[in-house]
Amino acid sequence: MASLTQLLSERGRIRELEPIAVVDIGSNSVRLVIYEGAVRAPTPLFNEKVLCGLGRTVATSNRLSEEGVTRALAALTRFHAVVRNMGVKNVRAIATAAVREADNGADFIARGEQALGVAIEVLSGEKEAELAAGGIIMGFVDPDGVAGDLGGGSLELIDIAAGKLSEATTLPLGGLRLIDTTKGRLDKAAALAEQHVGNVAWLKRGKGRRFYAVGGTWRSLAKMYMEQTGYPLRVMHGFTVPARAVIAFCEQIVKAKKLSALAGVGEVSKARRDVLPYGAAVLASVLKRMEPSEVVFSVFGIREGLLYSLLRAEEKAKDPLLSFCEDYARLRSRSAEHAIELCEWTDVLFKTAGLEENADERRLRYAACLLSDIGWRAHPDYRGEQSLTVIAHAGLGGIDHIGRIYLALSVYFRHAGQGESHGEHLSGRLKTLVSKRVLNRARIVGAAVRVAHMLSIGMPSIIDITPLTVEGDTLVLRIPPPFAGLDGERLRRRLEMLAGLLDKRAAVVLEM
């Protein structure tokens, strides 16, 4: 296992970041995202999308839609003003399938560069696939499977293993292209998708692995699925569904006589609804051909892939989850140093208590420690539920939904104890999504952090010399003379609560 110092960056350092803007000119939408900086866990400062439909008629006319061009140029003009007023000097712009294929694509690029004030790179299909793969690598830890990035004009399929791209194919199966090519015939579009996907021989190597779904249309499908199934955590990144369930859901949408009659369609923007059945047909074809174990939805795509390509090697090597949590601790905790001390303090507890954990479970425990005090400014009665809500919906990368819920519940229990706090009680619904082991570990970590904070009052350089260990059938907290005065009734009650979770007795030893 990597050491704590390897997982976390140098203590005491707050990075000075230079904002970077990425303009993504797609076949359907034109988007500007301004990131806080080019780092392993990027945080968007600004995000705006305009659905322009540039590629709506490219398949049949070989030209970008005139209405789409007008809207896109207006969006680029505004984006130029936004980055100028925000003082962003590093601006990258890319264009994808529709622009590279249209006869008037070069003319649009010339006008677009004038409106935006920077050069626009027209991506090849291969480069687009490479950046999509980079986005998945940016957003997940050691991804292994096939990524599919569905845009308005094309579908990029990429095999990712061991952090590298091994196969890539671009198919003419974007939603707008299918509508244009088939003149709105969904049955023909489904047959076309089956034909093109069926010709991708290497896709069968994805059997039993994961399929990473990228693109606004597929995220809209996931929103509908969440609504239909009553899924309580409305976060898209890392949302994972068995492949068989996704195929059945896609077929339901394709066969529906009236999309507006389906449950959950209200979660989809009206501008997306036209392409939704076509995106469902393509996804069903890919999953039937590939036979993956599950589908993982991602909000990271070519924009994040572009950002990833700009990172230094040492930044790429960082853990995206712990990188985010450490920065968040420095911004929101009373003491980030204390949060880091908690990681090492609970190391000793877990080791002496015989609580086995794999590398991923350990990094999740560290993340919970780093986030444990971010809610300290809230009213004491609401810190538990408010912290849970913030963490459950935070822009975390490198984590699945089970891990996300574990983090949220750990910090919830840190504030609420083993009972319930005030609020909407999202905690109760999230508990139903995790195993008993995950829930028990969240309770233990939360209870341990409660002990630590009662002893240290959230300040550094106290718990690092007041070890908490399991000795035989007793959970022992040792307090040296300089901190003997911090002993008290509430501290001992919290220690007893933690001991109960470990099936141990509790003892405080005041050292002489």
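Let me begin with two helices: helix 18 and helix 19 are roughly antiparallel to each other, a label given here to angles over 145 degrees, while under 35 counts as roughly parallel, 65 to 115 as roughly perpendicular and the rest as oblique. What we are looking at is a predicted model, in which local features need pLDDT of at least 70 and side-chain atom pairs count only at pLDDT 80 or more, although totals for chains, interfaces and linings use all residues. Residues are numbered from 1 along each chain as its sequence is written, and side-chain values use heavy atoms, with hydrogens and water left out.

The axes of helix 18, residues 383-392, and helix 19, residues 401-416, come within 8 Å and cross at roughly 165 degrees; the axes are lines fitted to C-alpha atoms over the stretch in contact, with angles from 0 to 180 degrees between N-to-C directions. Helices here are DSSP runs of H or I with at least four residues, and strands are runs of E with at least two, numbered from the N terminus. Where the two helices meet, with contact meaning heavy atoms within 4.5 Å, helix 18 brings residues including Arg383, Leu388 and Ile391, and helix 19 brings, among them, Arg404, Leu407 and Tyr412. By class, this contact of helix 18 with helix 19 has 8 nonpolar, 3 polar and 3 charged residues, where Ala, Val, Leu, Ile, Met, Phe, Trp, Tyr, Cys and Pro are nonpolar, Asp, Glu, Lys and Arg are charged, and the others, Gly among them, are polar.

Now to the spaces, found on a 1 Å grid over the protein atoms alone: a cavity is a set of points where a 1.4 Å probe fits but cannot get out, a pocket is an open set with protein on both sides within 12 Å along at least five of seven lines, and lining residues have an atom within 4 Å of a point. The largest cavity has a volume of about 390 Å³, and of the 27 residues lining this cavity, Asp24, Ser29, Asp149, Leu150 and Gly151 are the closest to its centre. By class, the lining of the largest cavity has 6 nonpolar, 13 polar and 8 charged residues, and its largest share, 3 residues, comes from helix 9.

Turning to the largest pocket, its volume is about 680 Å³, and 29 residues line this pocket, with Arg31, Asn47, Arg219, Val299 and Arg303 nearest its centre. Helix 9 also gives the most to the lining of the largest pocket, with 4 residues.

Conventions
Points joined across faces, edges and corners; volume = space filled by probe spheres on them.
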